Amino acid sequence: MTTAIVFCESYFLHEQAPTHPERRERLQYTWDQLLEEGLLRDPRIRLVHPYPAPPEAVGAVHEGSYLDFLERASLKGGVIDGDTNVPPGLLHRALLAAGGAMAAADEVLAGSVTNAFAMVRPPGHHAGIRGGGGFCYLNNVAIMTRYLQRKGMERVLILDWDAHHGNGTEEIFYQDPSVLFISIHQSPLYPGTGHLSSMGTGAGKGYTVNLPVPPGSSDEVYYYLMESVIVPLAHRFHPDVIAVSAGQDNHFTDPLTSLALTASGYAGLMARAVALAGDLCGGRLIAVLEGGYSVEAALPYTNLGMIAAMAGMDFSGIREPAAYLWMYEEASDPGALQEVRQKVAVLKEQLHSKWGAF
Ligand SMILES: [Zn+2]
């Protein structure tokens, strides 16, 4: 397998404030780690530069009045919510993130690589049709999804495993049966949406699947959800391509959340998604970076693990530095799996009329 990594140093430029969790070091530490590991010299990896998303691609997802607001606010600065301000120059940087996801799609569509990882910021999955929020301005994965559909990929599975619910992505596709949106997220947690009972509406009913998990959920919970829900539903939906909203704030050291995924768990999860894409859609999979705020203890290793899994490399040796491992015992809760099993039983009943028994 070959994997494209979409990245450029312009992704370091966006900054709300030096102390804001969504800050440039998120990618700086990862980039340094990838260089140190020599990953970019590996023949299975191809580095791709992004381009700014063109207006028609962004306009396919967001309302014009919101884009006008972003353009005006980008001149002198503005505010969206308590966590999300608009620094001067924001719009161009957000367009470069959305275009990064499109550049990743281009490589996969052209067949120059098997799969691709858009290592972009700012993130996107909280941005909805009419507004941003939660550190997000433009919905990168949604803009890419509409672009893929224009290029002939009619059915897109979006797998969002960021620790927060992808409320923006859910809103954009809530009535749309061409997109199966599956989100695993911590509950309770910002933004407070993503209930088990929210399943889409109209023609889209059954095409939104929310999997809220309790604090303390670890690798085994994610593997269980992959095997018991995601794989069987994906086989029924039969996507032309899989998009992954690859947030990394589920890591046991993340300062904003209370989950307990490990770097090895991220690699294992991605390996399962890659295998699913191999079974269903010629391996076509595009991951787009979302959140993840543990800049030293997690991101360099979770990103490395995911890229290794995407490129078919051995990832068995990838783990966090030993100095952080004590935090795992405090973060993980072995009882989480049982709670999730009970929720899945309810979910299967809810979805039975749409997808049958699975
Ligand atoms: Zn998040």
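A: To begin with strands, two of them pair if DSSP finds at least two bridges between them. Strands (E, at least two residues) and helices (H or I, at least four) are DSSP runs, numbered from the N terminus. This is a predicted model: local features need pLDDT of at least 70, side-chain atom pairs count only at pLDDT 80 or more, and totals for chains, interfaces and linings use all residues. Residues are numbered from 1 along each chain as its sequence is written.

Q: Which residue stands opposite Val-79?
A: Val-79 has Asn-85 of S4 opposite it. Strand S3 (residues 78–81) and strand S4 (residues 84–86) run antiparallel and are joined by three bridges. Together S3 and S4 form a hairpin, with two residues between them.

Q: Now the open sheet: what is the order of its strands?
A: The eight strands follow the order S2-S1-S5-S10-S9-S6-S7-S8, with parallel pairing. Strand S2 (45–48) and strand S8 (208–213) are the edge strands, each pairing on one side only. From one strand to the next, the twist averages 15°.

Q: How many bridges join S7 to S8?
A: Six bridges connect S8 with strand S7 (residues 179–186), and the two run parallel. Within this pair, Gln-186 has Val-213 of S8 as its bridge partner.

Q: Thr-3, then: buried or exposed?
A: Thr-3 lies in strand S1 (residues 3–6). Thr-3 counts as buried because it has 28 C-beta neighbours inside 10 Å. A residue is buried if 20 or more other C-beta atoms, placed from the backbone, lie within 10 Å of its own, exposed if 12 or fewer, and partly exposed in between.

Q: What does Thr-3 touch?
A: Leaving out residues up to four places away in sequence, Thr-3 touches, among others, Ile-45, Val-113, Phe-117, Ile-307 and Met-310. Here contact is taken as C-beta atoms, placed from the backbone, within 7 Å.

Q: Which residues touch the most other members of the largest nonpolar core?
A: They are Ala-118, Ile-143, Ile-286 and Val-288, in a core of 116 residues. Such a core is a set of buried Ala, Val, Leu, Ile, Met, Phe, Trp, Tyr and Cys residues joined through C-beta atoms within 7 Å. Helix H4 (residues 90–110) gives the most to this core, namely 13 residues. Beyond four places in sequence, the residues that Ile-286 touches include Ala-104, Val-108, Ala-118, Met-144 and Val-241.

Q: How many residues of H5 are buried?
A: Nine of the 11 residues in helix H5 (residues 140–150) are buried, so the helix is mostly covered. Ile-143, Met-144 and Arg-146 are among them. Just after H5, Gly-152 takes a positive phi of about 105°.

Q: Where does H7 meet H8, and at what angle do their axes cross?
A: The axes of helix H7 (residues 219–237) and helix H8 (residues 263–280) come within 10 Å and cross at roughly 10°. H7 is therefore roughly parallel to H8, a label for angles under 35 degrees. Residues making the contact include Tyr-222 and Met-226 of H7 and Leu-269 and Arg-272 of H8.

Q: And H11?
A: The axes of H7 and helix H11 (residues 336–355) also come within 10 Å, crossing at roughly 10°. Leu-225 and Val-229 in H7 are among the residues that meet H11, where Val-340 and Trp-355 are among the partners.

Note on methods:
Axes fitted to C-alpha atoms, helices over the stretch in contact; angles between N-to-C directions. Parallel < 35°, antiparallel > 145°, perpendicular 65-115°, else oblique. Contact = placed C-beta atoms within 7 Å.
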